[in-house]
Amino acid sequence: MTAPADNLRIDGLRLWESLMAMAKVGPGLRGGNNRQALTDADREGRDLFRSWCEGAGMKVAVDTMGSIFARREGTDPTLAPVMVGSHLDTQPTGGRYDGVLGVLAGLEIVRTLDDLGIRTRRPIEVVNWTNEEGTRFAPAMLASGVFAGVHDEAWAHARQDASGRSFGDELRRIGYLGEAPAGRRRIHAYYELHIEQGPILEDEDIDIGVVTHGQGLKWLQVSLTGRESHTGSTPMPKRRNAALGMARVMELVDEVAWRHAPHAVGAVGHVEIFPNSRNVIPGRAVFTIDIRSPRQEVLDDMDDRICAGIVEIADAIGLGAQVEQVGHFDPVAFDQSCIRTIRAAADRLGYSHRDIVSGAGHDACWINRVAPTAMVMCPCVGGLSHNEDEEITREWATAGAEVLFHAVVETAEIVE
């Protein structure tokens with residue numbers, strides 16, 4: 001493969017203007033976005049992206065999970081394409097860059113190649129994966145999961161939102177139930193650009209994160225059962241306080257995560273206390289534990305320690321305890337050849353870089369199962385994401401997109 005010359009650069013201003021134009025679709029309350037999957041706002045964002053792709057002369061296809069594939073043909077159309085992309089859907093109070101940067105940077109690659117009159121031997125496909133966030137239809141990364149054979153398509157189409165609307169019906173309603181079979185597209189390699197969603201790159205003043213691994217995760221749902229009783233008249237020795245048990249489990253999760261620092265993390269997220277009255281000792285607590293590590297043996301050890309600790313805590317204060325695993329994602333090791341291509345691109349362009357582990361799930365984590373895959377990350381202000389205050393600079397976006405451009409084009413092979 002011939003590497004692109006180091007003077008080949010994308011149009012950073014055009015990329016930024018595209019980001020700002022997409023941000024006008026499904027605006028949030030504080031400058032971010034609410035463009036949840038398969039809503040009218042999602043349809044509007046998809047339509048805008050599709051119009052841009054068609055305007056760039058790309059052939060657009062939609063699969064049966066609603067994912068959009070925009071193809072720039074190569075000089076040898078029989079070859080599997082290099083795919084690049086991410087997602088356009090957002091959290092209910094999402095930012096303007098999470099996911100969107102990866103999709104529009106892929107479009108910018110094609111626009112730049114057209115501007116420069118450069119042809120590649122392999123086709124390039126820009127993809128918008130449906131329902132990456134999973135905020136309306138659980139689980140997250142739903143369409144890429146079906147593509148990779150992790151989820152059954154009929155099961156995915158039957159997923160319902162909080163109001164009982166099904167994924168399949170909503171795909172049909174917004175006009176994005178495509179005909180192309182999900183998972184049938186060939187991929188030579190897949191690249192994804194994303195904001196870091198963490199503080200490391202900004203704190204260390206590093207331009208580019210080269211993602212080598214994705215953290216595995218386990219989600220545990222815990223139910224602790226005690227006894228409701230009056231807060232004022234129940235003697236301390238007679239109390240069976242489910243909330244106290246939950247508090248001690250929270251401390252346990254934190255201790256176990258610190259034991260495996262710096263890469264392992266853990267926290268209690270969703271919490272429900274019953275009856276949740278100011279003068280009643282809680283008789284029941286239901287909460288979720290999220291633990292993550294890039295090493296399977298560490299993840300398993302955390303799970304074992306936490307589950308054993310929950311039993312000890314419950315027994316000590318007279319509580320019943322149930323633990324159910326409600327989510328699981330094995331650690332991901334991305335393709336070494338793609339990783340080397342990204343590192344070389346950053347070096348060639350003069351951008352500082354470091355290896356990084358992604359703490360969040362991404363479509364790339366599923367696609368890694370079916371094609372050589374790697375990710376590029378750029379900093380975000382304060383590491384803040386899944387928040388309307390999410391922010392990046394135009395310079396960060398440009399640097400990430402230029403490294404992505406070089407990696408994708410080198411892999412797709414420039415025709416001399």
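This is a predicted model: local features need pLDDT of at least 70, side-chain atom pairs count only at pLDDT 80 or more; totals for chains, interfaces and linings use all residues.
Close-up 1. Residues are numbered from 1 along each chain as its sequence is written, and side-chain values use heavy atoms, with hydrogens and water left out. Leaving aside residues up to four places away in sequence, Asp-98 touches His-87, Asp-89, Glu-133, His-194, Ile-195, Gln-197, Ser-385, His-386 and Glu-390 (contact means heavy atoms within 4.5 Å). Asp-98 sits in the loop between β3 (82-86) and α3 (100-116); helices (H or I, at least four residues) and strands (E, at least two) are DSSP runs, numbered from the N terminus. Is Asp-98 buried or exposed? It's buried, with a relative accessible area of 4% (buried is under 20%, exposed over 50%, partly exposed in between, with a 1.4 Å probe and protein chains only).

**Close-up 2. The UniProt "binding site" trio.** An unreviewed UniProt entry lists Asp-98, Glu-133 and His-386 under "binding site"; positions follow the numbering used here, feature names are shortened, and annotations may be inferred rather than shown by experiment. The three are spread over 289 residues of sequence, yet they cluster in space, with a largest C-alpha distance of 9.6 Å. From this set, Glu-133 and His-386 are in the lining of the largest pocket.

**Close-up 3. The largest pocket.** Have a look at the space here: about 1300 Å³ of it. A pocket is an open set of points on a 1 Å grid over the protein atoms alone, where a 1.4 Å probe fits and protein lies on both sides within 12 Å along at least five of seven lines; lining residues have an atom within 4 Å of a point. Grid points are joined across faces, edges and corners, and the volume is the space filled by probe spheres set on the points. Of the 47 lining residues, the closest to the pocket centre are Leu-217, Arg-292, Gly-359, Ala-360 and Gly-361. By class, the lining has 20 nonpolar, 19 polar and eight charged residues (Ala, Val, Leu, Ile, Met, Phe, Trp, Tyr, Cys and Pro are nonpolar, Asp, Glu, Lys and Arg charged, and the others, Gly among them, polar). At least two lining residues come from each of β7 (216-225), β9, β11 (284-293), β12 (320-329) and β14 (353-358).

**Close-up 4. Two domains.** The protein splits into domain 1 (12-214 + 331-412) and domain 2 (216-329), with bounds from an automatic or database domain assignment. Their C-alpha centres lie 35 Å apart, and the contact takes 11 residues from domain 1 and seven from domain 2. Each domain gives at least three residues to the lining of the largest pocket.

Close-up 5. Asp-205 has a positive phi, near 55°, and is exposed at 65% relative accessible area; it lies in the loop between α7 (200-203) and β6 (208-214). His-386 also has phi near 55° but is partly exposed, at 39%, in the loop between β15 (373-378) and α12 (394-412).
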